[in-house]
Amino acid sequence: MSVEEQKTEQKLVFKSSSLQFQSANKKKCVWKGLKQIISSEKALPWPDNCVHYGSINAPPSFKPPEKFSDLSGLPAPYTDPQTRLRFANKDEYATIIELPMDITAGYLTLRGATSIVG
Amino acid sequence: MDIMEFKDVKSTPDIIHTYPSSIKNNSTPLVVDNGSYLSRVGWSVNETPLLQFKNLIAKPRKERLKKDNVEIVQVPQLQIGNDIVNIETMRFQLKTQFDRNVVTHFEAQEHLFDYMFTHLGIDTENSVNHPLVLTEALLNPNTSRQLMSELLFECYGVPGVAYGVDALFSHHFARPKPLENALIINLGYQTCHVIPVINNKTLFENTRRLNIGGWSVITFLHRILQLKYPAHTASITLSRAEELLHTICAIAVDYKEELMKWTNTDYYEGNIKKIQLPYSAGTNALTLEQQKERKRELARRLTEINARKREERLAEDQEKLRQLLEVQDLVEFGGEKEEIEHILGEFELKSVQDLQKALTNLNLRIEKTKQKILAASNIEEAEEPPVKQAKYSKMVFENDTALHSFLDNVKKMRQEIITRKLVRKQRKQDIFKRRTAAGQERMRIISQLARKEKGNDDFGLRDEDWDIYKTISKDGGDSDSDAENEKLLEFEEILRTHEPSQFEEGANLVEMHQLHIGIERYRAPELIFKPYMSGSPEAGLSEIIGYVLSLCKPEEQLKLAENVIITGGLANLPGLRERVLKDLISIRPFQSDVRVSVMENSALTAWYGAREFAKRDDFEKYLLTKKLYEDIGHEYFKEHVASNLYFPTPKEVMIDVDS
């Protein structure tokens, strides 16, 4: 047991020693992530009327997404075929062709448009 | 337009509060709003929460000192909540107990409870003798609640706990007389919820959650600013983005219209926010005068050091001379031979002749040093050598017009070089693109060159023939020559000496460290309404509100639309109410009643609501006691008006693999 844990035990009088997550799981305990919890919950045979965490997710958007310039946020009628960035006017285009790769990639990731297909 | 600056608010470590005996002996309920951003903690008798801290722990890396055989592991102090004074320095060591809006990491939760109870000053042995009101996520999974109960009952020995949903606490208890029907819009740090409540009953099946919240907006803003100002990536931090969200961000009532306004330069100039990043003037920012001053200072210090050294040497030599003279006296007055030899040995001298030599040497040296000191003092008085003249000193002109015409000329020549460079660059780019005139011309030449015609191949007879290879080469004929670059530098130098204002570096440095934030003020919070801006497929807030309404019966829809309540940390954003109202009117039937209100002090309403709940007379009834916890099961809890629903986890069906 490390020094610090002993210290905390001595210090915090209000804790009872019967259960402690920190000391009980001294070896790195892997806590289940939310995704794991949801999926294991889903696998169980729940009654029909029951609602759980995984079932109240927002629906997908039914409206077509509008296109905004990656640089300025203005409505963007154009797309640069080379970088795939959207732009609103020719000044922005002049900026886009000067942009280094990491910035263009950054803009695309921000918009979530990194897949090759899309 | 005044320029703003970042406040960079640092958190101050919490004090350890006193533990009054009135609270200690009455087992006053403790109210904890355990949000994914802030934790707010206070007794049910308090006016405001005693503690408010970020639900974060920072674990500094272990420093191992393994010099010797014994490995000393220095366990660094764990920093919890407001102990983390500067969050940016700890950014990579931060941990939270939350995964989205659900507590999953209970080791971290335990640390945070430790922090909480310690700072409340609780000193009872082996137990925290207070019932707890604790908020949890809407439809918190049973697993999470079970672990929470285990932690509370078995580690801290609390007598009882009541779980509730933050948004529902806000609605039902934070205000004096809530309506029976409401559509609650809770804008949290990790998630947003749209919750319909009819006749004080939460319609869980019609509730929807948007997995975007304040955190997403902050990271989005952070990233767009970083991409806009790549030079300042390091100084645009998440906490600064957060500060911006709270200070200057707003929700556009009509986003499209707002965008159109910004295309107008006057509007842009009038509404842009300029923010000054901290910067330090580098060495190149020093003016010529300062540089000179610095050099002079350096020179002065050097001469001082030299002078001191000389003085020291002089004193040393004089002392030695004195000693040697004494020895000489001894020799002259005929001292004992052995004694003389002994003394000479001490001075590393072999004989009396050596002594004479040493004496003359020493005398010479002293003379020299004295001369040097004299010379140095003379120089100091004299004017120091003139500073090397700048390469392009100001030329003298007869009058202003001559100067202007000269400068214009230089400017023109400079511009010419720049355009030539630009043209060249453009051509270089074009050549490698298909479907440009330059590219096609190049291909035509290449194919012509490749064509072999027997007999009449006279290529190369004339010297000009070879020039064709220059035109099709990568550089497209000519490239930026060194001579041109030199010329350009020269022109710039001339301009700088004559018109320093245009090339002023000091002023530029200030402006270089400014962030201009225009559309971003509206663009970042718009993420809540347009999650697709960050690539999320989810519907936006307004669309979800419409969807949730469409799930309810028409008469319920009427009741809900009449009382839309916005709460949560982001509810304070300016323009939010108007925006929701506008979007709602557009989806509701013509002239139907629509009312939207934003809760006052919206970040704290959940805590206030939970506190009022704890003050109720029938509070005890809703308390999950330790006995119930042990009897019914670890995941059980008591339902109430502001709580989740309890569905016991069904027993897993054993699927027989063999059959």
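The model is predicted, so local features need pLDDT of at least 70 and side-chain atom pairs count only at pLDDT 80 or more, while totals for chains, interfaces and linings use all residues. Residues are numbered from 1 along each chain as its sequence is written, chains are lettered from A in the order in which they are written, and side-chain values use heavy atoms, without hydrogens and water.

**View 1. Chain A meets chain B.** Here 54 residues of chain A are in contact with 74 residues of chain B (contact: heavy atoms within 4.5 Å). Together the two chains bury about 5,800 Å², 63% of it on carbon and sulfur atoms. Buried area is the accessible area (1.4 Å probe) that two parts lose on being put together, summed over both. In chain A, the residues that lose the most area to chain B are F14(A), Y53(A) and I56(A), together 14% of what that side buries.

**View 2. Polar links cross the interface.** Between chain A and chain B, 18 residue pairs are in polar contact, both residues at pLDDT 80 or more. A polar contact is a pair of N or O atoms within 3.5 Å; within protein, one must be able to donate a hydrogen and the other to accept it, and residues adjacent in sequence count only if both atoms are side-chain atoms. On chain A, α5(A) gives the most to the side that touches chain B, with five residues. Helices are DSSP runs (H or I, at least four residues), and strands are too (E, at least two), numbered from the N terminus.

**View 3. E66(A) pairs with K256(B).** Their side chains form a salt bridge, 2.7 Å from N to O.

**View 4. The largest pocket holds about 980 Å³ of space.** Its lining has 37 residues; Y37(B), K54(B), I87(B), S239(B) and E242(B) are the closest to its centre. The largest share, six residues, comes from α6(B). On a 1 Å grid over the protein atoms alone, a pocket is an open set of points with protein on both sides within 12 Å along at least five of seven lines, a cavity is a set where a 1.4 Å probe fits but cannot get out, and lining residues have an atom within 4 Å of a point. Grid points are joined across faces, edges and corners; volume is the space filled by probe spheres set on them.

**View 5. The largest cavity holds about 100 Å³ of space.** Of its 13 lining residues, V51(A), H52(A), N140(B), N142(B) and F647(B) lie nearest its centre.

Note on methods:
Salt bridge = Lys/Arg side-chain N within 4 Å of Asp/Glu carboxyl O.
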